[in-house]
Amino acid sequence: MSLRKVAAALEVGPMRLYGYIATKEELLDLMVDAIYAQIRPAGDGWREVLRSLAETTRQAAHEHEWLADLIGGRPQFGPHALARGEAVVAAMAGVDVDTVMPVVDAVNAYVIGAVRREITERRAERATGIDEQQWQAAFGPYLERTFATGRFPALSTVIRDGAHLDADQTFRTGLDFLLDGIQASISS
């Protein structure tokens, strides 16, 4: 991504863009804010709104993989980011004001971590040509030998006997754990 490439795509000279955008970082901020227009958390009550925030943010990152590299840093203050923030904070009405931002930050941190893991897996599949199942099959014999040593009994049990959820199930289950913990904390 560069201003020169954007200018070429728009069929204008790069200097023309500098009349509107001073730096590449400014362009990236505008791109992120444009995506925030797609992230419209909705629902009745804070729990539904936080779930909607998580799911729509994840969906936007899946549609625009580059977003995973840009979210999670300094807060965005573009108009769409502020509208998104307003919707989320407004849904938290009635929750102690000192609790609101740590709750929103916890949900955002969960989403950012989950999305980055998922996007990293997608990129690894494209780079290697090996999907997750093929990768697991390739490393299966190594894990069997390692687990046979008896050094990792708890991990062995979870890998062999635990549920193997897909990315959607993993995301929703983790989000439920987080929201249940927030609910318990707010209720007490």
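**Aromatic pairs and charge–ring contacts**

Tryptophan 135 and phenylalanine 139 both belong to helix α8 (residues 132-148), where they are four residues apart, about one turn of the helix. In this predicted model, a search of the whole structure finds two aromatic pairs. The ring centres of tyrosine 110 and phenylalanine 171 are 5.4 Å apart and the ring planes meet at 35°, so the pair is classed as tilted. Tyrosine 110 is partly exposed, at a relative accessible area of 21%, whereas phenylalanine 171 has a relative accessibility of 1% and counts as buried.

The other pair is that of tryptophan 135 and phenylalanine 139, whose ring centres are 5.0 Å apart; the planes lie at 45°, so this pair is likewise tilted.

The buried ring residue phenylalanine 171 has the charged end of arginine 58 over its ring, 4.7 Å from the ring centre. Phenylalanine 171 thus takes part both in the tilted pair with tyrosine 110 and in the contact with arginine 58. A further contact involves arginine 84, which lies over the face of tyrosine 36 at 4.6 Å from the ring centre.

Notes: Residues numbered from 1 in each chain as written. Predicted model: local features only at pLDDT ≥ 70, side-chain atom pairs only at ≥ 80, totals over all residues. Heavy atoms only, no water. Phe/Tyr/Trp six-rings, centres within 6.5 Å; stacked < 30°, edge-to-face > 60°. Buried < 20%, exposed > 50% of the residue type's maximum accessible area, 1.4 Å probe, protein only. Helix = DSSP H or I, 4+ residues; strand = E, 2+ residues; numbered from the N terminus. Lys NZ or Arg CZ within 6 Å of the ring centre and 35° of its normal.
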